Amino acid sequence: MVRSARLLKYMRGATELRRHWGFSMAEPTIAQRSPFRFDVTQGKSYWWCACGRSKRQPFCDGSHKGSEFSPVQYDATETKTVFFCGCKHSGGKPFCDGTHSKLP
């Protein structure tokens, strides 16, 4: 029992390190090869889907459960139009940086 608890703690730590440093061994699913245009409201929080499996794109619906992906929180500081990444490969997550145009 103690050994499995240590292993679980280690695995969670490794996942946190991957998230912190921004690399992953798994590839996200490409939801679409263009950004999602969305009007955000000041003071609201939005949870961007990082795995690409959500049926509520570009937002998380919990489909990442059991994977190493986690949604990315975005807190709107002003009401405006933003472009959320649709390919899930952006270097500026959760926003589009044009990476979709370079994907195979």
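User: Hi! Which residues form one aromatic cluster here?

Analyst: Hello! In this predicted model, the cluster is made up of Phe38, Tyr46, Phe59, Tyr74, Phe84 and Phe95.

User: Nice. How many aromatic pairs does the count come to?

Analyst: The count is nine aromatic pairs. One of them joins Phe38 and Tyr46 in an edge-to-face arrangement, with 5.8 Å centre to centre and 75 degrees between the planes.

User: And those two residues, Phe38 and Tyr46: what is the relative accessibility of each?

Analyst: Phe38 has a relative accessible area of 28%, so it is classed as partly exposed. Tyr46 is at 8%, so that residue counts as buried.

User: Which other ring does Phe38 pair with?

Analyst: Phe38 also forms an edge-to-face pair with Phe59, where the rings are 4.9 Å centre to centre and the planes are 75 degrees apart. This pair links distant parts of the chain, with Phe38 in strand β1 (residues 36–40) and Phe59 in the loop between β2 and β3, 21 residues apart.

User: Is Phe59 buried or exposed?

Analyst: Phe59 counts as buried, because its relative accessibility is 11% and the cut-off for buried is under 20%.

User: Let's switch to the backbone. Where are the cis peptide bonds?

Analyst: One joins Gln57 and Pro58, with omega at about 5 degrees. Another joins Lys93 and Pro94, and there omega is about 10 degrees.

User: Where in the fold are the two prolines, Pro58 and Pro94, found?

Analyst: Pro58 is in the loop between β2 (45–48) and β3 (72–75). Pro94 is in the segment after β4 (80–84).

User: Why point those bonds out at all?

Analyst: Because most peptide bonds are trans, and most residues other than glycine have a negative phi. On the phi side, Lys88 is one to look at: its phi is near 70 degrees, a positive value in a residue that is not glycine.

User: Where is Lys88 found, and is it buried or exposed?

Analyst: Lys88 is found in the segment after β4. Its relative accessible area is 2%, so Lys88 is buried.

User: What lines the largest cavity?

Analyst: Its lining consists of Cys49, Ala50, Cys51, Cys60, His64, Phe69, Ser70 and Pro71. By class, that lining has six nonpolar residues, two polar ones and no charged residues.

User: Good to know. Can you zoom out a bit: how many helices and strands are in the protein chain?

Analyst: The chain has one helix and four strands. Going along the sequence, the pattern reads α-β-β-β-β.

User: How much of the protein chain counts as buried?

Analyst: Of its 104 residues, 30% count as buried. The accessible surface of the chain is about 7100 Å², and carbon and sulfur atoms account for 56% of that surface.

User: Last one: what share of the contacts with a separation of 6 or more comes from residues 24 or more positions apart?

Analyst: Residues 24 or more positions apart make up 58% of those contacts in the protein chain.

Definitions and conventions: Residues numbered from 1 in each chain as written. Predicted model: local features only at pLDDT ≥ 70, side-chain atom pairs only at ≥ 80, totals over all residues. Heavy atoms only, no water. Buried < 20%, exposed > 50% of the residue type's maximum accessible area, 1.4 Å probe, protein only. 1 Å grid on protein atoms, 1.4 Å probe; cavity = no way out; pocket = protein on both sides within 12 Å on 5 of 7 lines; lining within 4 Å. Nonpolar A, V, L, I, M, F, W, Y, C, P; charged D, E, K, R; others polar. Contact = heavy atoms within 4.5 Å. Areas by Shrake-Rupley, 256 points an atom, 1.4 Å probe, with all protein chains shown as cover. Phe/Tyr/Trp six-rings, centres within 6.5 Å; stacked < 30°, edge-to-face > 60°.
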